[in-house]
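Me: I'd like to learn how to read a model like this one, feature by feature. Can you walk me through it?

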Amino acid sequence: MFTTRNEKAGQFWAGVRAEFPLLIGVFPFGMIYGALALNAGLSKPAAQMMSSIVFAGSSQFIAAQLIHESAPGLVIVLTIAIVNLRHMLYSASLAPHLASLSTRWKTLLAYLLTDEAYAPTIVHYERNGVQPFGHWFLLGAGLALWSTWQASTALGIFLGAAIPDSWSLDFALPLTFIAMVVPVLKGRPYIAAALSAGLVSLAAHALPFKLGLILAALTGIAVGTILEERQAQKGETR
Amino acid sequence: MNIWLVMLLGGLVTFGMRFSLIYLFGRFQVPETMRRALHYVPPAVLSAIIFPELFLSGGVFDVSLTNTRLLAGLVAILTAWFSKNTLITILAGMAALFLLQYWL
């Protein structure tokens, strides 16, 4: 019993720790969102609640902007859906690791599933394989991000975006993603997947609604999978 | 449409997409190719997020010595490759960015 509790706590705090560097970049982002949402004409409660009801950074920025432009409600909902489409990829990617959980756990973890919770969690899972209490890692990472997002939104609402741009704290986000992706690049299919996705994301960056990101991700996944299959075939004929 | 209703629907759609495959997995037979493809989601998605942050400045493709984020990003990539340590990578990248912004 005691060991079980220790293992859960161990996974949970490992998740919180892995999330930490990302929070440096998320905090100013949340403050900017809070300040921007007020400027866009949302009430304080609405600006704050969007951070827990939608809980997805970039779609909240775009929604606030569309509300400001008095876009029709259906357009705003649809835009949120398209901007967040990439979460289905995360859902698919984590699914094999969470398959044995109860629906209640799956519901909670799905609510907490963001870019920033997904990245450290999948890297942890791929490195360590399926562990009995691995879902506590995602809970730790997800809750750390969730509470930071709520707190930074509140600060942004009441103080404005008080952290100066020149501190470049937002750069901590891509840096953390770099630290996570580079060790994952073990072998040619993975490197090719990363490079092709990166190039397509540059070529398609002008597409609206983060569609460039989705197109790039799908390209990288296809390139990696095809290369791996080819390598396997070559290995067989040899 | 009421703004609270818009947020509620937007939240529901977002949750639905996050929940979809976590919920469905295991209820259906997942093809082997699909299972294999899932391993490429992290490198593909993360690179698709990283590349524009490094190569675009102000929405324009910029490969020059004045693009401090690209240079600092390259420092971070090399650091990550050799150190395999998250914290050291971030510190190296941030330090490089500050120094380059100061010098250039």
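Me: How far apart are the centres of domain 1 of chain A and domain 2 of chain A?

Reply: Domain bounds here come from an automatic or database domain assignment. For chain A, that gives domain 1 (2-166) and domain 2 (185-238). Taken over C-alpha atoms, their centres are separated by 26 Å. Keep in mind that this is a predicted model, where local features need pLDDT of at least 70, side-chain atom pairs count only at pLDDT 80 or more, and totals for chains, interfaces and linings use all residues. As for labels, residues are numbered from 1 along each chain as its sequence is written, while chains are lettered from A and ligands numbered from 1 in the order in which they are written.

Me: How many residues does the contact take from each of those two domains?

Reply: Two residues are in contact if their C-beta atoms, placed from the backbone, lie within 7 Å. By that rule, domain 1 of chain A puts in 7 residues and domain 2 of chain A puts in 5. On the domain 1 side, helix α4 (residues 73-83) of chain A gives the most, with 3 residues. Helices (H or I, at least four residues) and strands (E, at least two) are DSSP runs, numbered from the N terminus.

Me: And what classes of residue are on that domain 1 side?

Reply: Ala, Val, Leu, Ile, Met, Phe, Trp, Tyr, Cys and Pro count as nonpolar, Asp, Glu, Lys and Arg as charged, and the others, Gly among them, as polar. The side of domain 1 of chain A that touches domain 2 of chain A has 4 nonpolar, 2 polar and 1 charged residues.

Me: Now the overall build. How many helices and strands does chain A have?

Reply: Chain A has 11 helices and 0 strands.

Me: What about the helices and strands of chain B?

Reply: There you'll find 5 helices and 2 strands, running α-α-α-β-β-α-α from the N terminus on. The radius of gyration of chain B is 20 Å, well over the 13 Å that the globule rule gives for 104 residues, so chain B is more spread out than a compact globule.

Me: How much of each chain is buried?

Reply: A residue is buried if 20 or more other C-beta atoms lie within 10 Å of its own, exposed if 12 or fewer, and partly exposed in between, with C-beta atoms placed from the backbone. Buried residues make up 48% of the 238 residues in chain A and 45% of the 104 residues of chain B.

Me: How many residues of chain B are in contact with chain A?

Reply: 58 residues of chain B are in contact with 70 residues of chain A. α1(B) gives the most to the chain B side, with 19 residues. By class, that side divides into 42 nonpolar, 11 polar and 5 charged.

Me: Which residues touch the most other members of the largest nonpolar core?

Reply: A nonpolar core is a set of buried Ala, Val, Leu, Ile, Met, Phe, Trp, Tyr and Cys residues joined through C-beta atoms within 7 Å. The largest one has 101 residues, and A:Phe177, A:Ile178, A:Ala217, B:Ala44 and B:Ala48 touch the most other members. Helix α1 (residues 2-39) of chain A supplies the largest share, 12 residues. Leaving aside neighbours within four places in sequence, A:Ala217 contacts residues including A:Leu89, B:Ala44 and B:Ala48.

Me: Last one: which loop holds A:Ser70?

Reply: Look between α3 (57-68) and α4 of chain A. A:Ser70 is not a glycine, yet has a positive phi of about 45 degrees. A:Ser70 is exposed, with 8 other C-beta atoms within 10 Å. On chain B, B:Lys84 also has a positive phi, near 50 degrees, and sits in the loop between α4 and α5. B:Lys84 is exposed, with 12 other C-beta atoms within 10 Å.

Notes
The radius of gyration is taken over C-alpha atoms; the globule rule is 2.2 Å times the number of residues to the power 0.38.
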